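Student: Could we go through this model together, one question at a time?
Tutor: Gladly, let's have a look at it.

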Amino acid sequence: MITGVKAGTATITVGNASTIATSTITKTLAVKVGAVTAAKVSLSMSPSAPTAGEKVTVTLTAVDAAGLAVGDGARLLLAAGGFSNSVTVQGSTVPSAETVTTVNGVATYVFYAPNAGVVTFTATEGAATASTTKGTITGSVTVSNPGLDAATDAANEAIDAANAATDAALAAAEAADAATTAAQEASDAVAALSETVTKLIADLQAQIKSLAAVVAKIAKKVKA
C-alpha cells in the first residue's frame, strides 16, 4: 500500500523481488496525489450565450494552491444549500447540496436554458476549501431567443409608430384649436367692427336729420 503525503506526481517502480536490482520483472508507475482541500473553486459554462432551450454544460473545477487538481472523490466544496440559480431552469443537475464529486479536479453538470435573459448560479465555498473567509463561486450565461427578440422588436416598432401617430394627432388637435381660436377672434373683431359701423351710421343719420331741420327753418324764414 502507498500513502500519499502531499499533492503532486510521483514515479514508482515495482518488481518481483525484494529489490528492483534483483527483480526480473519491473513496472514503473506514475502516481498522482491530489490535495484534500481546494484553494480555488471555479465555475464555467458552455456555450456562454445559449439560445432558449439549448443544453448548457456546467464545469466545476477545484485546484490547490499550485493549480493542481484536488484528489478524486467526494469533497465538501460547497456550503449548505449548494448552488442557487437566479431564474428557473429545466433539467438542472447542478448540485444543491454541499458535496461535489470530482475526477481530476473536475465535476460536470447540465441544465437547459430558459426563454431569455441572464442565468446565474451562485454558491459559497464549503468546508473542503482552504479559505478562512469563504468566498463566492459563481457562473452565468446570457440566453438569447431569436423568435422572442424579433417579436419584441416588432412590438417596440409598433409602439414607436403608435406614439408617432399620437404625437401627430395631438399636433393636429393643437393646430385645430389654434385655428378655432383665430376664427373666433376674427368673428369677434367683425362683430365689434359691425357695431362700430352701425353706431357711426346712426350718428350720421341723426346729424343729417338735425341738419335738415335747420335747413327747413332757414327756408321758412326766407319765404316769410
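**Strands, a helix and some details**

Tutor: The protein has one helix and ten strands, where helices (H or I, at least four residues) and strands (E, at least two) are DSSP runs numbered from the N terminus. This is a predicted model, in which local features need pLDDT of at least 70 and side-chain atom pairs count only at pLDDT 80 or more, while totals for chains, interfaces and linings use all residues. Residues are numbered from 1 along each chain as its sequence is written, and side-chain values use heavy atoms, with hydrogens and water left out.

Student: Which element of the protein has the lowest mean pLDDT?
Tutor: pLDDT is the predictor's confidence in each residue, from 0 to 100. The protein averages 84, and 83% of the residues score at least 70. Where pLDDT is low, the predicted coordinates should not be read in detail. Strand β8 (residues 106-112) has the highest mean, 98, and the lowest, 58, belongs to strand β2 (residues 26-33).

Student: What is the strand order of the open sheet of three strands?
Tutor: Strands of a sheet pair through backbone hydrogen bonds, either parallel or antiparallel; two strands count as paired if DSSP finds at least two bridges between them. β3 and β4 run antiparallel and are joined by seven bridges, with S42 standing opposite T61 in β4. The pairing in this open sheet is antiparallel, and its order is β3-β4-β8.

Student: Is V70 buried or exposed?
Tutor: V70 lies in the loop between β4 and β5 (73-75). V36 is 34 residues away from V70 in sequence, yet 6.1 Å away in space, C-alpha to C-alpha. Buried means under 20% relative accessible area, exposed over 50%, and partly exposed in between (1.4 Å probe, protein chains only). Because its relative accessibility is 3%, V70 counts as buried.

Student: Which backbone oxygen does the side chain of N145 reach?
Tutor: N145 sits in the loop between β10 (136-143) and α1 (146-223), and its 15% relative accessibility is why N145 counts as buried. Not counting residues up to four places away in sequence, N145 touches A52, N115 and A116, a contact being heavy atoms within 4.5 Å. At 3.2 Å, the side chain of N145 reaches the backbone oxygen of N115.

Student: Which peptide bond is cis?
Tutor: Look at the loop between β3 (40-46) and β4 (55-63), where P47 has its place. The omega near -5° belongs to the cis bond from S46 to P47.

Student: What is the phi of N104?
Tutor: N104 lies in the loop between β7 (100-102) and β8. Although N104 is not a glycine, its phi is positive, at about 55°.

Key
Polar contact = N/O pair within 3.5 Å; in protein donor to acceptor, adjacent residues only side chain to side chain.
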